[in-house]
Amino acid sequence: MAFWSEAILSLVHKLNNFSRPGSCKSLCKPFLVDDVQVGYISPKVASYLKSYSDIFVMVPGTSGEISHVTLAPELKTFTERSQKVAEVMNSLRLKDVFSTLRGWRNEMYPVMASFDTKPSFMMERSATCLLGTVQYGVHVNGYFVDENGKMFMWIARRSSTKQTWPGKLDQIVAGGITCGEGIQETLIRECAEEASIPEELSKAASSAGCVSYFFEDERGLFPEVQFVCDLKLPRDFQPINSDGEVSEFYCWPMEKVKEKIATDEFKPNCALVVLDFMVRHGFVTPDCEPHFVDFVVGSHSSLL
């Protein structure tokens, strides 16, 4: 139990390392659009963006150092901003100076100050971490309860050809929310593609809140919000992948799932989603877990 508890605490700290000692946070500059912060830009990224001064503007503060980064004032519309930012990211991709751009996906993510505001522009998914903009996704906990009342969860293993976290364990269904797509639209699409869950069944998923965290790694900055849904599946349901992103599905009792999220076998943010499920369903309780508060707080971190 002590090993599991410390391993999960380490996971929570890792997913929130941008706010912990040793991060680059103190050196990063806010990225503002229309005078509202939508991201963070690290010194390395800023050093390259300076070459695109007709698109990205380094605004000096009273001390002469850069106060924040913004877009050129003549870029006023969603379309103009999206096109110009895309030009910069394509240029940086050709220069091959940022590893994240090698995983170019041709998926457009919205850039916005908060989920309830209109996007300022959209940009390539793999490039969002260079501007430290918030990425939103949907994760589905697929589970069932057997005739004896024991709970089981379906776990997916990511394909070895996935651009990120290949071969790691994942939710039965999870995916990013692309620009112009809603939460339920994403859920229905991903359920069909990743596990062949029919629409009438995926619509039965219940909203269970969200988890949020902010980490940095060698690729860039990742403030993320994952909307969480619980889906109680029929006992005889068998997921089948149809988009090539899952190599295998496992049906495990919650005791084994709990054990697995404390290992490197699990994709970190997916382990956090499972942890949130376990807290909500009483598999992790404050009476038995000394780091309970750290787990809950670390699963709902502030972002920008």
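**Burial, cores and ring pairs**

Author: In helix H1, the buried residues are Trp-4, Ser-5, Ala-7, Ile-8, Leu-9, Leu-11, Val-12 and Leu-15. Buried denotes under 20% relative accessible area, exposed over 50%, and partly exposed the range in between, with a 1.4 Å probe and protein chains only. This is a predicted model, in which local features need pLDDT of at least 70 and side-chain atom pairs count only at pLDDT 80 or more, while totals for chains, interfaces and linings use all residues. Residues are numbered from 1 along each chain as its sequence is written, and side-chain values use heavy atoms, with hydrogens and water left out.

Reader: What covers the buried residues of H1?

Author: The cover includes strand E11 (206-217), helix H7 (254-260), H8 and helix H9 (292-298). Helices (H or I, at least four residues) and strands (E, at least two) are DSSP runs, numbered from the N terminus.

Reader: How does the reach of H1 compare with the span expected?

Author: Helix H1 (residues 2-15) has 14 residues, and its first and last C-alpha atoms are 20 Å apart, close to the expected 20 Å at 1.5 Å a residue. The expected span is 1.5 Å times one less than the number of residues.

Reader: Which residues touch the most other members of the largest nonpolar core?

Author: They are Trp-4, Ile-8, Val-257, Ile-261, Phe-266, Leu-275 and Phe-295, in a core of 38 residues. Helix H8 (residues 268-280) supplies the largest share, eight residues. A nonpolar core is a set of buried Ala, Val, Leu, Ile, Met, Phe, Trp, Tyr and Cys residues joined through side-chain atoms within 4.5 Å. Apart from this core lies another, of 34 residues, among them Val-138, Val-173, Ile-177 and Leu-233.

Reader: What makes Lys-258 a charge over the ring of Trp-4?

Author: The criterion is NZ of Lys or CZ of Arg within 6 Å of the ring centre and within 35 degrees of the ring normal. The charged end of Lys-258 sits over the ring of Trp-4, 4.8 Å from its centre.

Reader: Why is the pair of Tyr-48 and Phe-98 called edge-to-face?

Author: Rings of Phe, Tyr and Trp (its six-membered ring) pair if their centres lie within 6.5 Å; planes under 30 degrees apart count as stacked, over 60 as edge-to-face and the rest as tilted. The centres of Tyr-48 and Phe-98 are 5.3 Å apart and their planes meet at 70°, so the pair is edge-to-face. Tyr-48 is partly exposed because its relative accessible area is 29%, whereas Phe-98, at 6%, is buried.

Reader: Why is the pair of Phe-115 and Phe-227 called tilted?

Author: Their ring centres are 4.8 Å apart and their planes lie at 55°, so the pair is tilted. Phe-115 is in the loop between E5 and strand E6 (121-124) and Phe-227 in strand E12 (residues 220-232), so the pair ties together parts 112 residues apart in sequence.

Reader: How do you know whether Thr-133 is buried or exposed?

Author: The relative accessibility of Thr-133 is 1%, and therefore Thr-133 counts as buried. Thr-133 belongs to the loop between helix H4 (128-131) and strand E7 (135-145). Leaving out residues up to four places away in sequence, Thr-133 touches Phe-31, Val-38, Gly-39, Val-111, Met-123, Thr-128 and Pro-223; contact means heavy atoms within 4.5 Å.

Reader: Why is Phe-144 assigned to its burial class?

Author: Phe-144 has 9% relative accessibility, so Phe-144 counts as buried. Phe-144 is found in strand E7.
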